[in-house]
2 protein chains.
Amino acid sequence: MSKGITSQSQDYSKWYTEVVQKAELADYSPVKGCMVIRPYGYALWENIKLNLDNMFKDTGHENAYFPMLIPEEFLKKEAEHVEGFAPEVAVVTHAGGKKLENFYVLRPTSETIIWYMYKKWINSHRDLPILINQWANVIRWEMRTRLFLRTTEFLWQEGHTAHATAEEALIEAKTMINIYKILAEDYLAMPVYIGKKTENEKFPGAVDTYSIEALMGDKKALQSGTSHYLGQNFAKAFDVKFQNENNKQEFVYATSWGVSTRLIGAIIMTHGDDKGLILPPKIAPQQVVIIPIYRNDDDKNKVLNLSKKIETTLKEKKIRFKLDNRESVTPGYKFNEWEMKGVPVRVEIGPKDVDRNGVVTVRRDTGKKAFPSVEEFLEDITNLLDTIQFDMLDKQRKFRKENTFDIESYDELKEVVKKGGYARAFWAGNSEMEDKIKDETKATIRCELFEKTKESGKCFYTGKESKVQVIISKAY
Amino acid sequence: MSKGITSQSQDYSKWYTEVVQKAELADYSPVKGCMVIRPYGYALWENIKLNLDNMFKDTGHENAYFPMLIPEEFLKKEAEHVEGFAPEVAVVTHAGGKKLENFYVLRPTSETIIWYMYKKWINSHRDLPILINQWANVIRWEMRTRLFLRTTEFLWQEGHTAHATAEEALIEAKTMINIYKILAEDYLAMPVYIGKKTENEKFPGAVDTYSIEALMGDKKALQSGTSHYLGQNFAKAFDVKFQNENNKQEFVYATSWGVSTRLIGAIIMTHGDDKGLILPPKIAPQQVVIIPIYRNDDDKNKVLNLSKKIETTLKEKKIRFKLDNRESVTPGYKFNEWEMKGVPVRVEIGPKDVDRNGVVTVRRDTGKKAFPSVEEFLEDITNLLDTIQFDMLDKQRKFRKENTFDIESYDELKEVVKKGGYARAFWAGNSEMEDKIKDETKATIRCELFEKTKESGKCFYTGKESKVQVIISKAY
């Protein structure tokens, strides 16, 4: 822990992997492409989960749980869906000591089994809407995996809703991508562009896919959450009809939406620096770490007494904190360790601090030191955490602004791709052109922006006038 | 929902299945032996989870997540473990479109993969203890399945701890079975006997297994949670050693412990009656349901106004409640539905109640009606829920007492088995005798009681003096 890590400028990808392991967020497992999420990483996930789950419930959603095994033939019922997922599934062929007559796949996503069940539950418009979310593990057999960003098994939530009208389903899909934006910006301090995926990039089986796109420290984009308007595709595949208010049978309209443990990768790469993680206070497992400093028993008593007093107040204020009173390692070692783990505020208490009835505080995000009195510290700590949260988002907004470039030609795009960041442009090309751009530049259209900078403009590629403004960049 | 269900006395097993489905706790899925946990059932599980998770964290445990796929050869490393679980596993043989070189099993429990990781993380006594818990799904290929009680896939938590001494591990195993007892009694209102499993019944790979045993409404026992002292078995199987304080290499000591969605089955069968579920207030998804009653618009306004006022106060008091203002069904239909769903308190508000500034309350557990004023109701509701919680446990304690019979001979055991309930007796028999008793009576030794009624006595089967007092009964 005390040893340094590879710097970002030296090798960003190596830096990332080292942070994940040294901050004890995750570790490699003996299962190909699967990781172990260690307690510190899982605590981060729990905080993300809790906040997101509250938002789901506040908007009328309920949690449920569907089988992780899906009959193999289910996947084949929706044409695009099977094409998208069949190459990635893991298959259970034997169980209970025998070969199975019908194989099962491990869910890569649950639309098929959920829509099979919805057929049983939906008869009339009075059974709608169904607003269900599931917290679950999923398996996608990926070729190239990377801790948190792309793993064979990952944890996520997947919402699956059923509606009586296209309009209502569209509103739902947009509401949910907006909730992801709130999660990203207000909790993860990670500004995101929000928009619609192109036909090339949408979810297999969706009519439309909406996404939030974040910008990592190495100026590559990371898709951080998606919400799909599925139209009647799955209702038709599973024959799910309802009797509408005019007593006519109609296919049900659907959405699905999800975010995953990939978000942890996003947090690392959005905020991290050469000392390790920097965690936003709202989701940090520990918001404050207290490090007592002493060399003899007298000082120890003095310092620990003050620390006790501080702990009591922090508990009352519901601050998540940890007292690191290990004696087997030095204070300096602890500083490095908690910096690596990204704890927003470090509090140092030495004998001299006790004498002046004060503490030393150090902000992880700025490194700024302060020397408040104990009373000032305790009165101000909640504000300080809020300030850090705000400043972290603010810093990232500036970073994104500095790295978003309005372009009007293909050459300009190539320049942006070279230096990193987002190219923002109007677009009137087709699917083949998009493929060609990807081949030639490795960059992809991340999304068609919901919030445009102007109503229309000339397509950077075709020169045609267009109302579609997109952001383009390399992406994870 | 309005139609009646099979009564308990008519067919207990049918009653159970109907309650699960009509209360919308779960539904059958298209996957053999797997169920769908519906939102109402899942909300119940979330409340159990939250309370249990808090107790885990208060006792120093952290959550983590390990892969659901386990390399097939791992299972074979612990001799008893493989014998116990190999017949039940599901096997992934193909993935990503190819046959795998090495197969994976879906975790039936995670000792093996976790101890593989612990080898990486444990070097010195300073790395101990490790106190990790995992919330996860597991798969056991069961022949005869039953909603919640025994399903191919189920949700559970599994704690896996590593310790420097046998003593510390033993204390941990006992601490955790006591936490399960607190969960069962203080939250689920379900009294349990707590004790040690016999050699015949212990967990494959454990030195000792402790269990909590509850008594269902049909007077059969249900094992509701287990905690295992694993000694050094898994440390030896995975070669996990640590340097102890005397600088010697020693194998690590272990525990594991778990409860599952089976607890929902236990709640149903402990408290339910011919009208359906009866839920303990502490874990009920809804503690109060408000049913407005009116026949015209004037009355409707009046009634809904009062209901609004009540809702505001219930929210402040953090009572979980639901206003059922559907107009498509009658109040009588709603009464039946919420009785089926086991909501602890029903509140009826009609125009006459508004006139006297009162409400009608009906307790689900006793059926007792009361006619408090609005102020009395609001002031008393928290107490009322506490009283219901207390009374439900008290009722079950009495039921268990009435159905626990001290016996001194095998004939007496047979009589108890005939009428149902627990036989309590001293035991000095061996494993073969236990098998014989099971063959002849279908009853099993549930556990060797931690809390004996007296120090020693004569074995009901062998006549030998013994210090081991057991409870025996048929069980799920």
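1. The contact between the two chains takes 42 residues from chain B and 42 residues from chain A, where two residues are in contact if their C-beta atoms, placed from the backbone, lie within 7 Å. On the side of chain B that touches chain A, 26 residues are nonpolar, eight polar and eight charged. Here Ala, Val, Leu, Ile, Met, Phe, Trp, Tyr, Cys and Pro count as nonpolar, Asp, Glu, Lys and Arg as charged, and the others, Gly among them, as polar. The largest share of that side, six residues, comes from β5(B).

2. This is a predicted model, in which local features need pLDDT of at least 70 and side-chain atom pairs count only at pLDDT 80 or more, while totals for chains, interfaces and linings use all residues. Residues are numbered from 1 along each chain as its sequence is written, and chains are lettered from A and ligands numbered from 1 in the order in which they are written.

3. Strand β5 (residues 90-95) of chain A runs antiparallel to β5(B), joined by five bridges. A:His94 stands opposite B:Val91 in β5(B). Strands (E, at least two residues) and helices (H or I, at least four) are DSSP runs, numbered from the N terminus, and two strands pair if DSSP finds at least two bridges between them.

4. Helix α2 (residues 39-58) of chain B has 20 residues and reaches 28 Å from its first C-alpha to its last, close to the 28 Å expected at 1.5 Å a residue; the expected span is 1.5 Å times one less than the number of residues. Among its buried residues are B:Trp45, B:Ile48, B:Leu52 and B:Phe56, buried meaning that 20 or more other C-beta atoms, placed from the backbone, lie within 10 Å of a residue's own. Just after α2(B), B:Gly60 takes a positive phi of about 85 degrees.

5. In chain A, five strands form an open sheet of mixed pairing in the order β16-β15-β17-β18-β19. Strands β15 (residues 288-292) and β17 (residues 345-349) of chain A pair in the parallel sense over five bridges, and A:Ile291 has A:Glu348 as its bridge partner in β17(A).

Terms used. Buried ≥ 20, exposed ≤ 12 C-beta atoms within 10 Å, placed from the backbone.
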